[in-house]
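Biologist: I have a structure on my screen and some questions about it. Can we go through them one at a time?

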Amino acid sequence: MVEHIVFGTDSDLVAGLRKLLNELEKRIALREPIKMFIAGGMAVHLYTQARVTTDVDAEFSKRIHLPLDLLIETEDGNMLYFDPTYNSAFALMHEDYLDDAIKTPLGTEHIEVYALSPIVGWLRRQCGRPSHEPSGCVGNGAQAPFPLTRRRQQALRRRRLQRFQAQGVVVGQRRGVGQAGGAELLQAVGHARRLRR
Amino acid sequence: MLSAREIEANLLRTLVQAARTGRCPESDQEADLFRFTAQLLKTWHPNEASRLDAAAANHFAQFNVKPRSFPQVVSDGLIVDVARFRHAMEKGLAGILKW
């Protein structure tokens, strides 16, 4: 039997996140529903209640303006603010990372809150962070489970393809970029090298 | 008159030095900044954060002053862009004060 993920929602930090969301909704006068996808330390905290963070790394389903002066102080004296510099394009993300995000019981009238899947979080950490990661991170020092290995390969393949495409190389024959095979990749690499010369 | 960049550079230099040495704040405003900075550094630089936080707490206790809340620190203009400030502090602690 598969058990549903239970998010820890009774900590001081999560109460702070609720307050921050309410404040955001009020400040930007939201009138239509929007999805928010949390990554980073706050996502880890929602899953494990272990790590404490000050910045909320989140991306939204619609373009909004995050006020620079939006921050709150929690009951226990912790600070919480949205990091406007967070950008999911810099980390290694699987192409389905938004579809795989898990809905949390947080949120407001107009904001639905999702946490990135723990596997996505693990992948980001493995491929973008220095080794002196604070304790309590997802997958810190752990062995990659099989589904993760598969997803990492898929994500890496997609990233390589994006690089080739950025260099003007066309790969595959109208197939999804994530589905291109090894032969096509080799062909693309050869083509990219020729272009460089 | 100092430019905004020079003011920011001075602020960073002061806070980096205080985070390293644990010196006492010289004013209420500086104590508020110490407390604020400690929050931003606590994940990646816990030792520096606890030095700043302790120095600020001592100051508030000694002079019987109520600290400003974090939103108030920003609304009063002591810090303008929190993300930029945090990034600059982390760079500063790594020895990079200009970029």
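Modeller: Gladly. Keep in mind that this is a predicted model. Let us start with burial in chain B.

Biologist: What share of the 99 residues of chain B counts as buried?

Modeller: A residue is buried if 20 or more other C-beta atoms lie within 10 Å of its own. Apply that to the 99 residues of chain B, and the share that counts as buried is 35%.

Biologist: Which pattern does chain B follow along the sequence?

Modeller: Count the elements to begin with. Chain B has zero strands and five helices. Read along the sequence, the pattern is therefore α-α-α-α-α.

Biologist: Why is chain B as compact as a globular protein of that length?

Modeller: The globule rule gives 13 Å for 99 residues. Chain B comes close to that, so it is as compact as a globular protein of that length: its radius of gyration is 13 Å.

Biologist: Which strand gives the largest share of the side of chain A that touches chain B?

Modeller: Here 15 residues of chain A are in contact with twelve residues of chain B. On the chain A side, β3 (71–73) and β4 (79–82) each supply at least two residues. The largest share is three residues, and it comes from β3(A).

Biologist: How do the residues on that side of chain A divide?

Modeller: Sort them by residue class. The side of chain A that touches chain B has three charged, five polar and seven nonpolar residues.

Biologist: What pLDDT does chain A average?

Modeller: In chain A, 63% of the residues score at least 70. Over residues 127–145 of chain A, though, the pLDDT is below 50. Where pLDDT is low, the predicted coordinates should not be read in detail. The average for chain A is 75.

Definitions and conventions: Residues numbered from 1 in each chain as written. Chains lettered and ligands numbered in written order. Predicted model: local features only at pLDDT ≥ 70, side-chain atom pairs only at ≥ 80, totals over all residues. Helix = DSSP H or I, 4+ residues; strand = E, 2+ residues; numbered from the N terminus. Rg over C-alpha atoms; globule rule 2.2 N^0.38 Å. Buried ≥ 20, exposed ≤ 12 C-beta atoms within 10 Å, placed from the backbone. pLDDT = per-residue confidence, 0-100. Contact = placed C-beta atoms within 7 Å. Nonpolar A, V, L, I, M, F, W, Y, C, P; charged D, E, K, R; others polar.
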